[in-house]
Amino acid sequence: MKTITKILGAAFFLSLAIGASAQNGWNWGEQVDIAKEKNVLYTDAKKAKNYKAALEPLKWLLENTPDLNPAIYINGIDIYESLAKKEKDPAKKDEYIQKGLELFDTRIKYYPEDESDIQERKAIYGYSFYKKEKDQYFNVYEYFKKAYELNGADLRRGSLVAYMDMVYKNYLYKRLTDEIVIDTYSEISEALAEQRKNASESERKKIDNSSDLVDRLLTATKVEISCDFVEEKLGPKLESGDDVNMAKQIFRLMLKGKCLDSPLALKAAGIIQSDEPTYGVAKFLAQKNGQDGNDAKAIEYFQEAAGLTDDNSEKAEMYINIARIQMKNGQKSTARNSARRALSFDPTYKDAFKLIGDLYMTSFDDCKKEQSQVQDRAVFIAAYNEYRKAGNSASMAAAKAQFPSIEDIFNEGKEEGESITIGCWINVTVALERRPAN
């Protein structure tokens, strides 16, 4: 009697639970008792992980009460997914996978209000099984395409990366055109950029990692990038703000497409550098500004680049670039200071010695007083000494050809080896030498 009482009690509480469920969106259809029984049978089998035993009652519910509750689709997909993962026979495995995919579609039919979420879940489900099955690549691509159309920037990061992976794989099998690849890449990158705007710092790092993966997948396709495409499709999106992710996307595409002469590349790089300063981007900005005649800005970025590297050779290179700009603008003393700064980082940097030599070599007219040939031409000895440090034999020969002649030295009562101090801005002392005889 006690056992029967317990059973009846359990049944009573089960009926209360089912009754409560019926009041919360459960539609039991015309055969209420059978539907309830089948629901208990399949859910109990699922809990016990006896997935095959769950199939018969589940199928009955799907056929007779397809709008019972979203739970039969959620659980049903779990059941077919679990069966597919364990199945060794390829044909049977695929049958289970396809049944799961069908349940996503049927759920959308009866619960269209949840379509956007269901479609994304379907794409993820298909990708999990078919990401290495080339015959299914296009189908999975279509699932993600539909999911993106429904969700846009709300698509999960993992889904966006998987979507790009399917773009890449389908392109390899010539199922997508270059234009579709680039357009889809643009949409995915824009979605990630949108997500980044309101993300936390830790989440931004994850989004950036996803963006890097998407960029690498595009690069792996080896699609030809059109500069016009970047300008027309992505350029306007940068005009409205300073989105770092969009700037990165534009800059990488322009780098890949060899479009770095574009003003858009300069703008994108500036946004990136303001948010995440790096040596490489600072150097690019410096060089580009230098080419465009924006000397002050170029010097600013070369200095910034020097501060962003621990490599002394790179630091020296940045200061030589600064010195060249200053030399071009006639700032000879300042240019020499920059060249000497380069040598403070790399004492063997030959370009620095060569540049100082050039500064001296071109200073004859600036510094001559026309009172003494020996004194005036000593500037060429100073140039020669710098060229020698640079190991530049051609420049050494050119400088030596301008040394004072032996006649000049004799007529002025000087002697070879005598110290001569050069004034002007140069202010160095050299040992007097004569130029070679013709």
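**View 1. A disulfide joins Cys227 to Cys259 in this predicted model.** The two sulfur atoms of Cys227 and Cys259 lie 2.0 Å apart, and with -90 degrees about the S-S bond the link is left-handed. The pair connects distant parts of the chain, since Cys227 belongs to helix α11 (residues 227-239) and Cys259 to the loop between α12 and α13 (263-275), with 32 residues separating them in the count.

**View 2. Cys367 and Cys424 form a disulfide.** A search of the whole structure finds two disulfides, and in the one shown here the sulfur atoms of Cys367 and Cys424 are 2.1 Å apart. The torsion about the S-S bond is about -70 degrees, so this disulfide is left-handed. Cys367 sits in helix α19 (residues 364-367) and Cys424 in the loop between β1 and β2, so that distant parts of the chain, 57 residues apart, are linked. Cys367 is buried, with a relative accessibility of 17%, while Cys424 is partly exposed, with a relative accessible area of 45%. When the bonded cysteines are counted along the chain, the disulfides of the protein follow the pattern 1-2, 3-4.

**View 3. Strands β1 and β2 form a hairpin.** Five residues stand between the two strands, and in this turn Cys424 has a positive phi of about 55 degrees; Cys424 is also the residue that forms a disulfide with Cys367. Strand β1 (residues 419-422) and strand β2 (residues 428-431) run antiparallel and are joined by four bridges. Which residue of β2 is the bridge partner of Thr421? The partner of Thr421 is Thr429. The two faces of β1 can be told apart in this view, for Ile420 and Ile422 make up a covered face, whereas Ser419 and Thr421 make up an uncovered one.

**View 4. The side chains of Lys38 and Glu56 meet in a salt bridge.** In general, side chains of opposite charge can pair when their charged atoms come close. The distance between Lys38 and Glu56 is 3.3 Å, taken from N to O. Lys38 lies in helix α2 (residues 32-47) and Glu56 in helix α3 (residues 51-64), so the pair ties together parts that are 18 residues apart in sequence. Lys38 counts as buried because its relative accessibility is 14%, and Glu56 counts as partly exposed because its value is 47%.

**View 5. The side chains of Lys328 and Asp295 meet in a salt bridge.** Here the distance from N to O is 3.0 Å. Because Lys328 lies in helix α16 (residues 312-328) and Asp295 in helix α15 (residues 295-307), the pair ties together parts that are 33 residues apart in sequence. Lys328 is exposed, at 55% relative accessibility, but Asp295 is buried, with a relative accessible area of 13%.

View 6. Glu386 is buried, with a relative accessible area of 10%, and Lys389 is partly exposed, with 47%. How many salt bridges does the structure hold? The structure holds 29 salt bridges, and elsewhere Asp117, Glu120, Arg121 and Arg156 are linked in a network of them.

**View 7. The largest cavity is lined by residues of several helices.** The volume of the largest cavity is about 90 Å³, and the structure holds one cavity of 30 Å³ or more. Helices α9 (178-197), α10 (201-221) and α12 (244-256) each supply at least two residues of the lining, and α10 gives the most, with five residues. The lining divides into three nonpolar, four polar and five charged residues. Residues to look for in the lining include Tyr185, Ser189, Asp208, Asp212, Lys248 and Arg252.

Terms used: Residues numbered from 1 in each chain as written. Predicted model: local features only at pLDDT ≥ 70, side-chain atom pairs only at ≥ 80, totals over all residues. Heavy atoms only, no water. 1 Å grid on protein atoms, 1.4 Å probe; cavity = no way out; pocket = protein on both sides within 12 Å on 5 of 7 lines; lining within 4 Å. Points joined across faces, edges and corners; volume = space filled by probe spheres on them. Nonpolar A, V, L, I, M, F, W, Y, C, P; charged D, E, K, R; others polar. Salt bridge = Lys/Arg side-chain N within 4 Å of Asp/Glu carboxyl O. Buried < 20%, exposed > 50% of the residue type's maximum accessible area, 1.4 Å probe, protein only. Pairing = 2+ DSSP bridges. Disulfide = S-S within 2.5 Å.
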